[in-house]
Amino acid sequence: MSIAASGAVARRIYAVWVEDRPGVLNRVTSLFRRRGFNIESISSGQARQPGLARMTIVVKADETGARRLAVLLSRLVNVLRVDDITSRPAIHHELAMFKVSASGSARSEVITLALATGARLVDVAPESVVIEASSSPKKIDALAEVLRPYGILEQLRTGLVAMARAADSVMSDPEARTAPVARRPARPASDDSGSV
């Protein structure tokens, strides 16, 4: 059963291009707050073009709410383009750091596990090590499960960044705003309207 047919709430991923100005992030997040949506993660950074920033926003919404959010986002003054890349082929990554309790023989086990999963060691202290991983959220979750028995003292995750694989997802012209998605289909014009 599809999300549209069931009306089920699912994770939605938006790529949003905005003007790189003070207050824009606040305006975007305030829109979600006013509409009662909780942002699961948001990441923002400079885009390829000077003066632009690109955000990846992850939120849970049903199909109707997701369309409404895309329209409302695209209407904000400093927003140039909104792409819902949830169902498009995309690369999803996040960065995570784990401070793990590791002394004695446990230290070499933790380091071996980390390196075997593609993570890297970034700090060594007498009682702990810090491991950094950049991968898909599922792989980060799997690494956390492997490290949990040793004792995770502190954990930091940046949130999701996503990039669609097709070339049409590239913001090439900052001056060309994309038109908002229509809320509902336009009514067909009627010849018998009775107006003169």
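Author: Happy to! Let's begin with the whole chain: among contacts (heavy atoms within 4.5 Å) between residues at least 6 apart in sequence, 76% join residues at least 24 apart. A word on the source: this is a predicted model, where local features need pLDDT of at least 70 and side-chain atom pairs count only at pLDDT 80 or more, while totals for chains, interfaces and linings use all residues. Residues are numbered from 1 along each chain as its sequence is written, and side-chain values use heavy atoms, leaving out hydrogens and water.

The chain holds five helices and nine strands; these are DSSP runs numbered from the N terminus, H or I with at least four residues for helices and E with at least two for strands. Read from the N terminus, their order is α-β-α-β-β-α-β-β-α-β-β-α-β-β.

Now to our part. Four strands form an open sheet in the order E2-E3-E1-E4, with antiparallel pairing; two strands pair if DSSP finds at least two bridges between them. Strand E2 (39–46) and strand E4 stand at the edges with a single partner strand each, so one side of each has no neighbour in the sheet. On average, neighbouring strands here are turned by 15 degrees against each other, direction ignored. Look at the pair E2 and E3: they run antiparallel and are joined by seven bridges. For example, Gln46 has Ala53 in E3 as its bridge partner.

Helix H2 packs on this sheet, where H2 touches E1, E2, E3 and E4, and its direction makes about 15 degrees with that of E3. Axes like these are lines fitted to C-alpha atoms, for helices over the stretch in contact, with angles from 0 to 180 degrees between N-to-C directions.

H2 also has a helix partner. Two packed helices are described by the angle and the distance between their axes. Here, the axes of H2 (residues 24–34) and H3 (residues 63–75) come within 11 Å and cross at roughly 145 degrees. Their crossing is right-handed. On the H2 side, Val28, Leu31 and Phe32 meet Leu69, Leu72 and Leu73 of H3. Sorted by class, this contact has six nonpolar, no polar and no charged residues. In that sorting, Ala, Val, Leu, Ile, Met, Phe, Trp, Tyr, Cys and Pro are nonpolar, Asp, Glu, Lys and Arg are charged, and the others, Gly among them, are polar.

What ties helices and sheet together in the picture? The largest nonpolar core has 21 residues, and those with the most contacts inside it are Tyr14, Val16, Val28, Phe32 and Leu73. Such a core is a set of buried Ala, Val, Leu, Ile, Met, Phe, Trp, Tyr and Cys residues joined through side-chain atoms within 4.5 Å. Buried means under 20% relative accessible area, exposed over 50%, and partly exposed in between, with a 1.4 Å probe and protein chains only. At least two residues of the core come from each of E1 (10–19), H2, E3 (52–61), H3 and E4 (79–84). Leaving out residues up to four places away in sequence, Tyr14 touches Met55, Ile57, Leu69 and Val82, among others. Over the whole chain of 196 residues, 36% count as buried.

Conventions: Left-handed = near helix turned anticlockwise from the far one by under 90°.
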